[in-house]
Amino acid sequence: MPYIPAIRDYKPFYIQANGDVTAWDTTDYGLVAQTQPFPCNFEVKEPYKNTWFDEHGDEEYIGATMYLKGFEYTVKFFVKTLATVGSSPIEKLNSQIDSFMGKLLQGEFKIWDSWQERGYQSVRYVKQSIEDRDVTDEYAWMLFSVTMKVNDPATEVSYNSTNHTITATA
Amino acid sequence: MSKFTIYSASGTPLYEGTPTYTGSYRKPGMLEFREINSPEYIDFAPGCYVDYTRVHDEVNDVEVPRRFKIYSVPQVKKQARNYTYGGAFVYQSVQLYDASKELELCPFRDLVKGDNRVHFSTQPSITTFEGVDGLARRFQACLEDMYPNERWVVRTATENDGASADLVALMNEAREFSVSGVNLLEALDKVFEIWPDVGWVYRYEVPENEDYPANTIIIGGGGLNPNQGTYAYGKGNGLKSITRTVANADELATRIFAYGSSRNMLPRWYNDQNIKDADSVDIQNLMIPVSEWGTTTVGGVDLPDAAKAYLDADSATMTRLGLRPKTYYFDGTGDLPEIYPTIREMTIAAVRATKSSSSDPYYPSTSVYTSGSARVDKVLSVGTVFDSGLAGENGKSSVSNDSTVVSQVGTMTMPAGESMKQFDFLTRTYTIGESGSMVLSVNADLGGTVVCDFARAMNLLIITSADMGTPTTYELEQDALGNWLIGSYNIPSLPFTGTSGQTVTVKIALVVYTTSGDSARTFTTNITGDFTSEVTRKRATTFKIGIRQIGFDINAQAALGDNKTIAFRSGKCAGRSFAIKTCTYVQATDSWSLEVIRSQDDSLSQWFPNTDYPVRGVETNYGGDEFVLLDIAMPDEYVLAAEMKLLNAAQELLDDASVERWQYNPEIDAKFMVENDREILPGESMTLMDGQIVDGSSDNAIHLLQHGGGYVLTSQEQRILLSSSGYITSALVDTVVISEGEAAIPTYKVTLLDRKRKSFSEAKGADSISSTPVTKLSSTTTNTATATKGDTYFTLDENGNVTLKEQYQNLWVSGWMAAGGVGTGGGGGGGASYLNDLNDVNAPSPSNGQALVYRSGEWVNETIQVSGNYIPLSGSTAITGTLGASGWSITTGGAASLSSITRSGAILYIGNTNNQGYVWLREDTYIGGAMLMGGTSTSSANALWSITSAGAATFASVAVNGGTSSGFLKADGSVDTTTYLTSHQSVTLATGTNSGTMKLTTAAGTTDNIAVKNCVTTDGTQTISGTKTFSATTTAANIIPGGTNDLGSSSSRWSNIYGSNANLTGNLSMAQASTITIGPITISYDSVNKALHISGTDNGTTIGLYCDGFVSAGGVQSNS
């Protein structure tokens, strides 16, 4: 059972990886999401544009639908492990992060932020970077960010807390 | 951005992406996926397809998918394991083509459609002489041969497609076409080269008279149909920019040296002209007319200078472009036609025009050639060629076979009183060939019987005419029942000799002999079988043709080769040349009879012309095969005519070459395309509008003609665009590239082809080389046009035909629209073909005998009631009873009772509303016979009045309007009221010697010889002139001479004057020699003594003078 920091009213961050029948909470790997990263200013794709030099402004073709660009976002996670018998804190921390990354590399996945109650499908892992860490004999912790890309910014998804699944809203 | 799916040949989706469409004029349309990255291997194989929809069906308002297929496996690169990477497999340039790609794959073999007497070899080398239409059939034959399961139509553009009459004529012109080992695409390029600018377009359309679309190649279809609407710069107008460049900068010319070919030219023709350096110049080719050459002064005389035989552009163009000389040869090489002295397309009128006088021996007769438009280069008449040209017996004869079915089943009648009669029941006619002989073989393979119990004998005869002597007789035998038996009869060889064209008749007849012929009797025949014949004729080595008066004697012109030849340009011998053997003038018809040597086509082992490939003269609905004379020095008149033709062509070329040819590269507004549902198709034309850059200014670069508020294209495209303003040009879309993946919507790149190069009137008559503008709308026409969108096109060709260019547009008129009723099109495809197609007609299935009845707001068809009383609409049926209605009737006896008969315009009125019962004969009324009135019969004897047909009139009385009893009618119709003598004494005109006088007989007696005129009356005063002689004593109270007249004359003297105390008042003068005698005294004048001499009349008697008063003399005046 990984160590989980005692955070009052912590809202889990769920990921349902490709091939998983249920979503999992990052705390299952001892990771707690430190930020609420979802952008609120979605950007649309560039419409077809005519620039008439003898007229002000631009003329754009705006169809019945504006289409959103895909976007990347970054989530900061905090993980901490404590030393136990036969197991050093750093070993446990690496194991938990590797398990987490294994899930992220399982292709496309869905995410759900229960704090903002917003999620996406067609999300893929981009990269991670370590921002801070400390390793002692008694404990180890790491603050790192994970960058993901949302390829489907338009489809709404929801988290079903009963059967623990993230599904697209019809 | 639109995605399109590539399917496998079986229909399985393989890939979805955004392709780029490239449509090119005269090339297969291509759809390309430039790079496909796939995590898996995709089996892109030939047959994979995409249904691409950028072609809009205007009729059904739907996108029409056009299928593009993969024809070759694309390049693929594998760079990762299957399903490990999105770009594990990379396909470069996956190209799919529309069906016209098959033109490139299909070899052009020498195939034709059906057995239509067009020779074909099935091999890849084709040399033919025909029009584009013939080649189209060959192309289709190749496609059908290679793709038997596909529907292909290869055709030429028609006027219905918008093709001009010039274009159609150009494509109909037979030209030599030779290719070897090419595919259809290359062959079509060859067509484009030989028939200038005759390109092709591919369409997937429903053929005429069919229901389903087919892959269609329209040759000559380039640029005919305008793409939708117009494009102009600016927001909402379709163009983001327009780039204009000069496409012909290297071809511009302002001075042209033009030469024709040397064909039919005497080598030193120009050396005989009065030109500078006439002995030195060496000009083999036709030149522009000498009169057009510049001159050089030699010895004070301006002589045409061959070095200055050129045409210059107008001064404004020369100033603008400077001197840019170019030399062109109109000798058939390159794009330019061959121009040389020829009778090609010459007319009788043109021949006459070459003559300085109608007394020229070769001036076409005005009595023979009443129409000057008759073409002299068309065959007038031909002699018959009887053989097929194929090698026959001994390679010298030809054989033709004839077969017919014999069926003589029925009865025949033996006339009364005859004991022998011949009954003919089969007749065939054969014509002796040019050689004057033929051999005929006949075989009557007959059977059956003749039932005739009264015949004592019966023969079957085979009879031949033309000096064949006695018929071949076969005596018939009888069977057991007495019936006469018919068998088979054969005559193997009947030689005939005669003259060419003479006919020989072969008959088969029965001859019946009877013993008695008192009455007519019938008998029955039942003869059936086949009659066959074979004619062997010696092949003629020559054939004859008649041609019209060509203006010169072929015999008098020098041959420029081994033989003077005649070559045919049309007909079944088109492209073949024949040596002329003899030429004879036919005075009666003012024509020429040519004896021409037949020639053998070695590749076919066949002689031409022949029965299957004859030369045709003027026949019904056929104007005769066209020909030209080759290898003959043409007379000067024809050289001059050719020079004029060259001049016109050179001028046309100069007009074309001395102006810049603009090329436009429009940048299309994709947003406009989407919002206006536009499409741009390659091979069709695109119309640009702009007031500046698309501006031809004053030149003809883009062939614009200002007209009213808009501009009318006058180029050879003959397209007219009605527009409210702006300059307009239209050009053929060479390429259009549609990118589906560059932006959110499809983006377009278009290249417009340069204006088509002129064909230099190849399709026009040789005498009408000069270009004539054909689109001259009156300003009223353009000003009153209400083209609100500015995109209503129609074409007007030089024959005056107007065709709507938008295929599915309507034509509305607010007033009358009428036509002659005969023209192109037909079929009713554009409107009501049947009565039931009209809005107020509901007669979907009319049948015979029905009529239209208007009921409840529509016309319906009902059967005419034929029971009871009715009048049929056709035929003749007598009407029983009285026919009539209110106000009129015609009784059974023909008595008509009509309220009036009125003939509008008016010859006859019988009554009208105001004058019931009157007959009004108005204007000129002609009566063929007599006119009668009154009486009891048609005889004039008892008529009240009558006028006979000879004009004699008889009336009971005649009164004149306004006449009174004091006047009477004269013969001239005038009325005379003069009072004339109503009674008189008897007057009897004398006769005989007293003619001209009359005598008066009164109670007092008879007076003879009284002049009728100038009578002297017994009272009153009259003047009497002339000499009057009175034979007796005349008594008068006074005789008063008028004026100073004499009493008597020297020749008519008074003898005695008796007076009674008569007094003489005034002077009495006497002549000097006169005397006065008083008794015996004579008083006279003594001229010697100037004294009064008184003497006695009796000599010797003394006469004294005494006086009662004074006597004075000698100047002493007496006094009282």
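How many residues does the contact take from chain B and from chain A? It takes 15 from chain B and ten from chain A, where contact means heavy atoms within 4.5 Å.

The model is predicted: local features need pLDDT of at least 70, side-chain atom pairs count only at pLDDT 80 or more, and totals for chains, interfaces and linings use all residues. Residues are numbered from 1 along each chain as its sequence is written, chains are lettered from A and ligands numbered from 1 in the order in which they are written, and side-chain values use heavy atoms, with hydrogens and water left out.

**View 1. Area buried between chain B and chain A.** About 1100 Å² is buried between the two chains, 62% of it on carbon and sulfur atoms. Buried area is the accessible area (1.4 Å probe) that two parts lose on being put together, summed over both. On the chain B side, B:Tyr233, B:Lys235 and B:Lys671 lose the most area to chain A, together 49% of what that side buries.

**View 2. The salt bridge between B:Lys671 and A:Glu59.** The N to O distance is 3.0 Å.

**View 3. Helix 3 (residues 165-172) of chain B.** B:Ala165, B:Asp166, B:Leu167, B:Leu170 and B:Met171 are buried, that is, under 20% relative accessible area (1.4 Å probe, protein chains only). These buried residues pack against helix 2 (132-146), strand 10 (152-156), strand 11 (175-180) and strand 13 (214-219) of chain B. Helices (H or I, at least four residues) and strands (E, at least two) are DSSP runs, numbered from the N terminus.

Technical notes. Salt bridge = Lys/Arg side-chain N within 4 Å of Asp/Glu carboxyl O. Buried < 20%, exposed > 50% of the residue type's maximum accessible area, 1.4 Å probe, protein only.
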